[in-house]
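Here is a short report for a first look at one protein chain. It covers a strand, some charged pairs and a helix contact.

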Amino acid sequence: MRFLLLLIALLFNQPTMAFCGFYVAKGDAKLFNKASQVVLVRQDDKTVLTMANDFRGEMKEFAVVIPVPTVIKKNQIHIGNKAHIDHLDAYTAPRLVEYFDENPCNDQRRYKSMPLPAAAPKMEAADKNTAKKDYKVKIEASYTVGEYDILILSAEESDGLSNWLKDNDYKIPDGAEEVLGSYIKQNMKFFVAKVNVSEQSKLGFNYLRPIQVAYESPKFMLPIRLGTVNSEGTQDLFVYALTSKGRVETTNYRTIKLPSNMDVPVYIKNDFQNFYKTLFDKQVEKENMRAVFLEYAWDMNWCDPCAADPLSPQELRQLGVFWLNDNKEMAKINMPQGPAQNVFVSRLHVRYNAENFPEDLVFQETADRNNFQGRYVLRHAWKGEMNCSAAKDYRKRLNERLEKEAQTLATLTGWDINQIRTNIEFPAQITDEPPSGNWWENLWKDKDE
C-alpha cells in the first residue's frame, strides 16, 4: 500500500499563457513513486485534513490508522474528490517556461548587454474468541461514511492497542508499538478506517476517494512516524497548505526553498520530468535528507506563469477552506476580492525515512505573503538571418549564455558537463579574418552566382 505516509498502512496480507513567456511543462506528484498527498487547511485552531492515497490491491484489504488530537464526530468526516487535489497539485507544481530571442539586427544595441543566466546555487468489530480480553482500548465512536467504516479509538497502552488491532485482523508491522505508545502519552486518539466493500459497490466507485477530517486543536502537525514503521526505503510527501494569512513552514525541520529561476538548456523541454526528479534528488542529498522543501507559495488569486488555472472558490470550499465568504477576514489583511479571495497556498515536498525524520512534522503559519515558485527557464536563440554588425556580438554572448546554462544544469543535477554540452547547439563564431583570394575578386560578382 502506498498511502499518506503519516499514516500506518495496515494490510491483511500484502505490502496557460503568462506575461512575457509561457508555461511548457510541470513536475507534479505523479512523477514520484511512493508519494502521498495531503491538503491542510488551517486558520486559528481549526484544521481540515484531506488525505489522498494510491492504494493498489483489493479494496477489502485497505485499512488505515491515523493519530488525531481529539474524538472525531461523524459530521466532521467527509469523503472528498481526488480531482480537486490533482488540480491543486498541477497549479502548484514546479514549472518550465520558455522565451524566444528577437532578431539582434532589429536593435543592434539590444544584445551588447544580453544577460547571462542566473548562477547555479552552490552545492554544499471484535472476534468472539477475544472479546473477553482487556486491551485497555475503548471504541469512542463508530461510523460508516461513504465507502469507509470508521472507528475512533482511545487506548491506555501501546501493547493493548497493538493486540486489539491484530486480534481484529489488522496486520501491525514490527516496531509499531513504540510509536503508538508515544501518541498514547500525548493523549491522542486513533482514527481507524476500512473499506466497506458493500457500500462501495452501492456507490459505484472502483477506487478509493480521499478522506477529509475537520477538527479543532492548537496542534498544527502531521504525524508521519507511523508511516515509516512498515515502509521500505524512503517516501515522498506533498503537503498543500491553504491559509488566510501567509506561507506555512515546518518548525522542527528546516524549510528550504527549492532552487529556482535558473536558465537551463532548451533541450530540457523534452526531458523536464527527469530533470525535475534529478534536481530534487540532488537537493535531498545536499541536505542529507533532513530538510523540507518549499516548491510553491502564492496567492490563489493569480499566477505567473500558470501551470494550471487557480482553483475556484467552489473547489477550495470542497477542500475545506471555510472562511472564503468571511468579508471580515478579508478586511483584516486588506485583500481585494478575487477568484479565490484570501487563500494563500504553500506546497511543501519532503523525502523522509525513520532515521532522518524521527519527529512528526510540526508547522506554523507565517505572515509572509511573498510569492515563490520552482521555475526553470528556456531561452531559445534566434534562428533566422542576421545580416548586421550586431550578429557577431550576439553570437559571442549567446555562446557564453549557453555555456553558463550547461554549467547550471550540471550543478543542479550532477550530470556530466561534457554530455550536456554535446546536447546543446552552440552557434558558429564569426571571425574578423578577410575572405581568401584577392580583395577585388568578389567586387563585381552577382549575388546569385
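How many of the six residues of strand β8 (residues 95–100) are buried? The model is predicted, and in it the count is five of the six. The strand is therefore largely enclosed by the rest of the structure.

Strand β8 has a partner. Six bridges join β8 to strand β22 (residues 375–380). The two strands run parallel. F100 has H380 as its bridge partner in β22.

**Salt bridges**

The structure holds 23 salt bridges.

| Pair | N to O distance | Relative accessible area |
|---|---|---|
| K82 and D86 | 2.5 Å | K82 23%, D86 25% |
| R351 and D236 | 3.1 Å | R351 12%, D236 4% |
| R347 and E295 | 2.6 Å | R347 0%, E295 0% |

Start with K82 and D86, whose side chains meet in a salt bridge. Both belong to helix α1 (residues 82–92). They are four residues apart, so about one helical turn separates them. Buried or partly exposed?

Next come R351 and D236, joined by a salt bridge. This pair links distant parts of the chain. R351 sits in strand β19 (residues 344–352) and D236 in strand β14 (residues 235–243). They are 115 residues apart. R351 counts as buried at 12%. D236 is buried as well, at 4%.

Then take R347 and E295, whose side chains also meet in a salt bridge. R347 lies in strand β19, and E295 lies in strand β18 (residues 291–299), so the pair ties together parts that are 52 residues apart in sequence. R347 is buried, with a relative accessible area of 0%. E295 is buried, also with 0%. Which residues do salt bridges with shared partners join into one network? They are D89, E295 and R347.

**A helix contact**

Two packed helices are described by the angle and the distance between their axes. Helix α6 (residues 272–286) and helix α9 (residues 390–413) have axes that come within 7 Å. These axes cross at roughly 60°, which means that α6 is oblique to α9. On the α6 side, the contact is made by F275, T278, L279 and K282. On the α9 side, L409, T411, L412 and T413 take part. By class, the contact has four nonpolar, three polar and one charged residues.

Note on methods
Residues numbered from 1 in each chain as written. Predicted model: local features only at pLDDT ≥ 70, side-chain atom pairs only at ≥ 80, totals over all residues. Heavy atoms only, no water. Axes fitted to C-alpha atoms, helices over the stretch in contact; angles between N-to-C directions. Parallel < 35°, antiparallel > 145°, perpendicular 65-115°, else oblique. Contact = heavy atoms within 4.5 Å. Nonpolar A, V, L, I, M, F, W, Y, C, P; charged D, E, K, R; others polar. Buried < 20%, exposed > 50% of the residue type's maximum accessible area, 1.4 Å probe, protein only. Pairing = 2+ DSSP bridges.
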